[in-house]
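This report describes selected features of one chain, with the criteria behind each term.

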Number of protein chains: 2
Amino acid sequence: MRAGSNLPAVGGYNQAVILDAVRRSADGVSRVEVAASTGLSAQTVTNIVRRLIDDGLIVEAGTRGSGVGKPRTILRLQPHGRFALGVHLDPSVIMVVLLDLAGSVVAHRAIPTPPSATAARTLGRIVRTASALVDSVGVDASRILGVGIAAPGPVDVGAGVVLDPPLLPGWRNVPVRDELARRLALPVLLEKDVTAAAAAELWMDAAGERGDMVFFYYGTGVGAGIVVHGEVLRGVSNNAGDIGSMVVGGGPAAPTHRRWRLGDAMLPRFLVADAITSGVLVGDAETMTTAEVREAFGRLAKARESDPRAASLLEAVAEDIAAGIITLVNALDVDHVVFGGPFFGPVRGLLLERVPPLVNGSPLMVMPHEVIFAESAIGEDVAAIGAACLVLDHALSPRPAGLLIRR
Amino acid sequence: MRAGSNLPAVGGYNQAVILDAVRRSADGVSRVEVAASTGLSAQTVTNIVRRLIDDGLIVEAGTRGSGVGKPRTILRLQPHGRFALGVHLDPSVIMVVLLDLAGSVVAHRAIPTPPSATAARTLGRIVRTASALVDSVGVDASRILGVGIAAPGPVDVGAGVVLDPPLLPGWRNVPVRDELARRLALPVLLEKDVTAAAAAELWMDAAGERGDMVFFYYGTGVGAGIVVHGEVLRGVSNNAGDIGSMVVGGGPAAPTHRRWRLGDAMLPRFLVADAITSGVLVGDAETMTTAEVREAFGRLAKARESDPRAASLLEAVAEDIAAGIITLVNALDVDHVVFGGPFFGPVRGLLLERVPPLVNGSPLMVMPHEVIFAESAIGEDVAAIGAACLVLDHALSPRPAGLLIRR
């Protein structure tokens with residue numbers, strides 16, 4: 001059975017619609033413009049705006065003339081009206097950020113993920129780091145909407161449990177949400193890392209251009225944040241976006257057995273191992289720490305300009321990524337792909353230069369449109385920022401599904 | 001900018017919500033039950049039900065006691081209150097169906113797709129067939145909501161144009177929607193075939209179990225109808241669901257060069273050619289008509305029980321399909337896969353027996369849940385019925401997006 005709609009539900013939705021309209025306006029908007037853009041009556045806009053000003057979420061910021069008539073009062077977001085904490089639990093580094101209502105990072109701190117510490121100990125460090133971050137900027141706890149934690153899949157979002165992340169062996173069935181909520185005395189939500197990253201990209205996308213996109217996440221693993229009609233596709237168990245098992249490359253020319261699966265084909269540790277085998281780098285990939293892999297991966301990417309062996313190895317990576325993107329674009333019919341994640345930086349030049357022509361020029365692309373490529377507007381902290389954005393989003397964004405009566 | 005919501009929009013939505021509640025009740029429902037299940041007030045339900053009865057869309061059908069109190073009047077759909085026509089333009093056969101409001105096929109007719117006729121001539125035949133179908137059951141034209149036409153992609157749904165279907169060479173840039181609307185004097189909508197098929201499955205899914213699924217369409221080509229939260233994922237150009245370019249199988253054991261792409265790996269004409277090469281069938285696949293390919297494909301499927309060469313060839317097909325489904329399930333996190341389409345029938349036993357264990361037992365499946373497999377509730381006419389369902393859906397179904405003010 002589907003739920004109907006009633007007036008109180010519509011009222012809450014319209015408040016979020018107006019806040020969203022104010023938030024997305026770079027130069028502020030007048031009440032008249034808000035009414036015109038949302039289709040709501042002038043009276044409704046006036047009433048809701050008064051409530052939002054009383055709550056400290058928006059402010060009146062001067063007036064603007066419009067030729068004839070009375071100058072209009074401009075409404076702007078009050079960025080420091082509310083805050084949210086975001087945590088990214090990554091196999092190599094834990095990032096904690098404090099975001100304001102405008103999505104700006106007010107403070108952030110990175111701590112290396114202790115490889116052998118228990119999850120309980122690491123959660124303790126996360127709690128101390130988050131508290132120190134809030135203290136450092138002197139924000140009152142009552143203004144913090146909550147904490148978002150982004151973790152590698154599979155996760156159980158409903159229960160708030162990290163289930164069995166392949167690269168975080170100590171984190172099997174850990175109830176991170178309730179544990180953090182208890183220790184921080186704040187509402188906490190858990191999301192998969194790629195979902196958080198895609199949410200961040202949407203939140204920062206003032207122009208609303210990326211309503212249908214794939215966020216291609218290059219981290220310690222690979223993943224896709226899929227956005228359909230401006231909402232992140234989460235899937236029945238909130239684990240959508242696993243593309244590591246996708247077959248790519250293929251064909252008898254594929255140089256190593258590892259190149260059959262996208263997750264293996266672009267795994268930094270494997271690529272560093274390939275680079276050592278082909279003489280581009282020296283060392284032992286098996287025994288390297290995550291930080292050393294990262295540093296070696298950066299050297300491999302740099303060697304692309306000077307060493308043809310590095311160039312050929314990285315060209316194969318670009319081809320595999322293009323193959324994965326073609327599969328996603330043909331299946332989902334999206335027209336934007338955004339690159340990001342902690343390992344994107346070193347291969348930024350390679351991916352932005354090589355992948356677009358490989359995808360748009362491929363005879364396998366059957367969509368009647370090109371794909372537009374971009375890099376994340378946010379950078380390496382995208383998942384932590386995304387987790388905080390989800391808290392803001394949960395509290396503030398209009399969603400048609402929010403119109404349904406909760407039963 | 002997002003649109004707000006207002007009362008007239010909510011009213012239209014609630015009418016669709018109530019009609020949907022009545023439609024999905026197998027034994028009829030009372031006004032009290034409708035109010036309880038939708039969350040709407042008794043007065044709202046009473047008013048809207050009166051309007052629906054006046055419009056001939058629902059009827060009062062007796063009373064039902066409930067222990068104490070006055071017996072309640074039961075509401076049922078009036079199936080013949082409205083009808084919709086559905087057309088499936090397939091490379092081998094054109095199917096035309098007349099559906100009533102309950103989604104039952106009132107009449108249907110198949111005509112072979114003329115391989116060399118112009119699109120204009122074939123559209124003329126479609127018009128005559130549709131008109132004859134309506135006349136044959138004596139339905140008044142005013143009760144026909146419109147015509148849905150399902151066609152192979154790529155299509156331009158906005159312009160109503162079939163763009164460039166690979167297996168229908170005479171149908172490049174044909175404005176089928178406007179042409180049919182002009183000749184039939186009815187509203188017409190065009191959709192991609194897999195989208196229509198998935199819509200049919202949703203429409204017939206009384207239990208609402210398939211809110212997140214992949215409809216795996218085995219036709220002259222292969223495609224996927226992707227359903228997220230009870231709505232078909234159409235994509236930015238309405239061409240989502242193209243999975244033929246997906247790399248499958250792979251590995252040096254793949255028997256022929258054709259097994260690298262899912263679309264080729266399961267193409268009936270290629271499989272018949274493989275069966276001829278391995279001695280299971282005799283003939284020349286290159287010169288066979290589409291009807292002959294279909295008949296030969298049926299013989300190949302039957303030979304699975306008796307001929308190990310056929311069994312091995314078909315096992316490889318099941319493995320390739322399983323590989324494609326694993327990629328889709330991991331990316332989309334769906335838990336239902338429904339098989340259907342015109343070529344599913346002959347391989348029904350193979351796919352329902354072999355694919356579920358290959359998918360659920362695969363080490364590549366990373367979702368924390370199993371996938372439930374089923375066959376289409378509808379059968380081979382699924383795309384034509386789906387096209388008609390989309391007309392019903394367009395006119396009658398509640399969609400939260402319908403709450404937004406049209407600007």
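Is helix α6(A) mostly covered or mostly uncovered? The helix is mostly covered, with 11 of its 12 residues buried; a residue is buried if 20 or more other C-beta atoms, placed from the backbone, lie within 10 Å of its own. This is a predicted model, in which local features need pLDDT of at least 70, side-chain atom pairs count only at pLDDT 80 or more, and totals for chains, interfaces and linings use all residues. Residues are numbered from 1 along each chain as its sequence is written, while chains are lettered from A and ligands numbered from 1 in the order in which they are written.

Helices (H or I, at least four residues) and strands (E, at least two) are DSSP runs, numbered from the N terminus. Helix α6 of chain A covers residues 193–204 and reaches 17 Å from its first C-alpha to its last, close to the expected 16 Å, the expected span being 1.5 Å times one less than the number of residues. Its buried residues include Asp193(A), Glu201(A) and Trp203(A).

Val87(A) lies in strand β4 of chain A and counts as buried because it has 28 C-beta neighbours inside 10 Å. Beyond four places in sequence, its contacts (C-beta atoms within 7 Å) include Ile94(A), Ile126(A) and Ala387(A).

An open sheet of 5 strands has mixed pairing, in the order β13-β12-β11-β14-β15 (chain A); strands pair if DSSP finds at least two bridges between them. Its edge strands are tabulated below.

| Edge strand | Residues |
|---|---|
| β13 (chain A) | 231–232 |
| β15 (chain A) | 372–375 |

Strands β12(A) and β13(A) pair in the antiparallel sense over 2 bridges, and Val228(A) has Glu231(A) as its bridge partner.

Methods:
Contact = placed C-beta atoms within 7 Å.
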